[in-house]
Amino acid sequence: MSSRILVIDDSGTMRAILSHLLRDLGHDIITARDGVEGIEAAANKKPRLILCDITMPGMDGFEVVRRLAANVATREIPVIALTALTSTAELKQIESAGFAGSLSKTTDPTQLATLIEATLASCAASLPRALGGEI
């Protein structure tokens, strides 16, 4: 089933790879080059899911998820962290920051697709219609 997914990453290559993969899975993709652009896109485009890089210049992914959680228009949108961080402490920080999950940037595309579909399915019943209707 098609869903609108926002990809926030400062790497044009990463945005292109994720966009291609997610479009092949039948999803509508929005991209943002940084946290500020991503927060604006989330508020205006009402995606069902956000994939957000952690390490970006200016505003990192932790600040993005904090700001999204503070905004009534975006607080219910699940955010999956895309990261090169791998230590246990770093992964615990991601979990405690409010991300719905995390994926290594080197994750196999099949694992990425599985996590995205599982996250969308688990949120389907609980997301308000104000976030853009049905998944």
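I began with H2, where the buried residues are Gly35, Gly38, Ile39, Ala41 and Ala42. These five span an arc of only 165° around the axis, which puts them on the same side of H2. I noted at once that I am working with a predicted model.

What do the buried residues of H2 pack against? I found S1, S2, S3 and H3. Turning to the face of H2 away from its buried side, I came upon the exposed residues Val36, Glu40 and Asn44. A reminder to myself: an α-helix has 3.6 residues a turn, so residues three or four places apart point the same way.

Next I checked both ends of H2. Asp34 caps the N-terminal end, with a side-chain oxygen 3.2 Å from the backbone nitrogen of Val36. After the helix comes Lys46, and its phi is positive, near 50°.

**The overall layout**

I stepped back to look at the whole chain. I counted 5 helices and 5 strands in the protein, and reading from the N terminus the elements run β-α-β-α-β-α-β-α-β-α. Of the 135 residues, 43% are buried. I also looked at contacts with a separation of 6 or more: 64% of them join residues 24 or more positions apart.

**The sheet**

In what order do the strands sit in the sheet? I read S2-S1-S3-S4-S5, an open sheet of 5 strands with parallel pairing. At its edges I found strand S2 (28-32) and S5, each of which pairs on one side only. From one strand to the next, the twist averages 20°.

I then picked out one pairing to follow. Strand S1 (residues 4-8) runs parallel to strand S3 (residues 49-53), and 4 bridges join them.

H2 (residues 35-45) lies across S1, S2 and S3, and runs at about 170° to S1. H3 lies across S1, S3 and strand S4 (79-83), at about 150° to S3.

**The aromatic search**

How many aromatic pairs does the whole structure hold? My search gave 1. The rings belong to Phe62 and Phe99; their centres are 6.0 Å apart and their planes stand at 80°, so I logged the pair as edge-to-face. Phe62 sits in helix H3 (residues 61-70), while Phe99 is in the loop between helix H4 (88-96) and strand S5 (101-104), so the pair ties together parts that are 37 residues apart in sequence.

I finished with a serine in helix H1 (residues 12-24), namely Ser19. Is Ser19 buried or exposed? With a relative accessibility of 6%, Ser19 counts as buried, because the cut-off for that label is under 20%. I traced its side chain and found a polar atom 2.7 Å from the backbone oxygen of Arg15. Setting aside the neighbours within four places in sequence, I listed the contacts of Ser19 as Ile29 and Thr31.

Conventions
Residues are numbered from 1 along each chain as its sequence is written. This is a predicted model: local features need pLDDT of at least 70, side-chain atom pairs count only at pLDDT 80 or more; totals for chains, interfaces and linings use all residues. Side-chain values use heavy atoms; hydrogens and water are left out. Helices (H or I, at least four residues) and strands (E, at least two) are DSSP runs, numbered from the N terminus. Buried means under 20% relative accessible area, exposed over 50%, partly exposed in between (1.4 Å probe, protein chains only). A polar contact is a pair of N or O atoms within 3.5 Å; within protein, one must be able to donate a hydrogen and the other to accept it, and residues adjacent in sequence count only if both atoms are side-chain atoms. Contact means heavy atoms within 4.5 Å. Rings of Phe, Tyr and Trp (its six-membered ring) pair if their centres lie within 6.5 Å; planes under 30 degrees apart count as stacked, over 60 as edge-to-face and the rest as tilted. Two strands pair if DSSP finds at least two bridges between them. Axes are lines fitted to C-alpha atoms, for helices over the stretch in contact, and angles run from 0 to 180 degrees between N-to-C directions. The arc is that of the directions from the helix axis to the C-beta atoms.
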